[in-house]
Amino acid sequence: MTCRTPLALALVAAAGLAAPLRAQSSAQLDDLKTLASDAWGGRLTGSAGADSAAEFLARRFRQAGLRAPKEGWFQPFTVNPDAPAVKGTPLAGVQGRNVIGVLPGSDKRLRGEAVIVGAHYDHLGPGPFGALDPDSTGRPHNGADDNASGTSALIAIAERLRKAKPKRTVVFIAFSGEELGVLGSSWYVKHSAWPWDSTTAMVNMDMIGRLKNERLIVYGVETAREFRPLLDSLNATYKFDLKAQGDGFGPSDHSSFYAARKPVLHVFTDLHEDYHRATDDWQKINADGLARVTAYTADVVLALANRAAPLTFVDIPPPAPRPVAATGAKGASLGTVPDMAAGGPGVTLSGVRPGGPADAAGMRAGDVLVKVAGLEIADLQAMTDVLRGLDAGAEVEVVVLREGKPVTLKATLGAPRGR
């Protein structure tokens, strides 16, 4: 037997890992190219291209060894014409489809619980809706990174986990309607294909295809006490420059789950100059980096599926409001989380930020905010306009509808986040 030094053993291990990652990288890039092809025109929710992408994903989920839920591969939903992001646009009333596949757990005791792993597959179509390059209207905004990258990872992770036989069930969801205000994930949370009380965590992948300088961001690490040590321990193999931070809110599908009090993680390789532009094409993807981020995420999901004890959910309080004098101009916050799938009149809340003004005032998920400081709140835009005209630190009267009945509360407004 040849005696090998620790360094030599590490090099052998790295070489052994590199070969399967190269094979995964090639197959995953093929899936990404298909999703981000001009033929599907940017996968705008409700479009023929989005429907083609959904059919492709169902087929790939089946090939990866997943099973359809009893309702089938597709979970349809209709975009509320009054939803804030689409009100007054041709997208009001179109139909989206989440694509769902299930990998049953291998352990008799734990298979009744599930970990969700998700990514949105919709993008901006031909613009100009949501596009940051209005001069490109009519050109496909293919969203190779946003979010064909995360969607292709769903397939790759399913293939890896099928071989690993996780103890808990893993539910894979390709969401539609994310670009319209996380509509697909909001719908799933209210109509979950797996029993909600038996759902233990959600891992979201959105824009994971542009790894640069080994920098990997994972949001939501504070939403369960066990997340940070888990992420750090698994990163010992991958050696990313890991930036694990944040609460569970943010502009992607994990926020729907955190608002419904589930621990969440959001894996992300950061924004870039092609974000929401027609130049976000497959040729700019870091394929090897994408494969490594996918493999790391698969290890995270597997660890969550195999751990014996449940996660400890944590409500993250918002940043402390700055003193009123420090904020300068007018503008205030209630600390609410609007339900972006709901229409008016009023603003339906999917949650409130722990420790924030709405929480302290007694507002809660399901309330419909209809009045602030004596001013009617017709919709989210009206709420935004009213709060812009008020000062942080002011005590105001708010009126909500709770189970259809008006409830009057007092709230002390906070400073807007990021101010």
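**Close-up 1. The largest cavity holds about 30 Å³ of space.** This is a predicted model, and the cavity count for it comes to 1 at 30 Å³ or more. Who sits around that space? Val203, Val218, Leu231, Leu265, Val267, Tyr296, Thr297 and Val300 line the largest cavity. Two elements, β8 (264-268) and α7, each give two or more residues to this lining.

**Close-up 2. The lining of the largest cavity, sorted by class, has 7 nonpolar residues, 1 polar residue and no charged ones.** Which element gives the largest share of the lining? That would be α7, with 3 residues.

**Close-up 3. Helix α5 (residues 227-238) meets helix α7 (residues 287-306), with axes that come within 10 Å.** The two axes cross at roughly 135°. As for handedness, α5 passes α7 in a right-handed crossing.

**Close-up 4. Helix α2 (residues 48-63) pairs with helix α3 (residues 144-164), and their axes come within 9 Å.** At what angle do the two axes cross? The crossing is at roughly 15°. Since angles under 35 degrees count as roughly parallel, α2 and α3 are therefore roughly parallel to each other. The crossing of α2 past α3 is right-handed.

**Close-up 5. A look at the side of α2 that meets α3 picks out Leu57, Arg60, Phe61 and Gln63.** Their partners in α3 are Thr151, Leu154, Ile155, Glu159 and Arg162. How do the residues of this contact divide by class? There are 4 nonpolar, 2 polar and 3 charged residues.

Terms used:
Residues numbered from 1 in each chain as written. Predicted model: local features only at pLDDT ≥ 70, side-chain atom pairs only at ≥ 80, totals over all residues. Heavy atoms only, no water. Axes fitted to C-alpha atoms, helices over the stretch in contact; angles between N-to-C directions. Helix = DSSP H or I, 4+ residues; strand = E, 2+ residues; numbered from the N terminus. Left-handed = near helix turned anticlockwise from the far one by under 90°. Parallel < 35°, antiparallel > 145°, perpendicular 65-115°, else oblique. Contact = heavy atoms within 4.5 Å. Nonpolar A, V, L, I, M, F, W, Y, C, P; charged D, E, K, R; others polar. 1 Å grid on protein atoms, 1.4 Å probe; cavity = no way out; pocket = protein on both sides within 12 Å on 5 of 7 lines; lining within 4 Å. Points joined across faces, edges and corners; volume = space filled by probe spheres on them.
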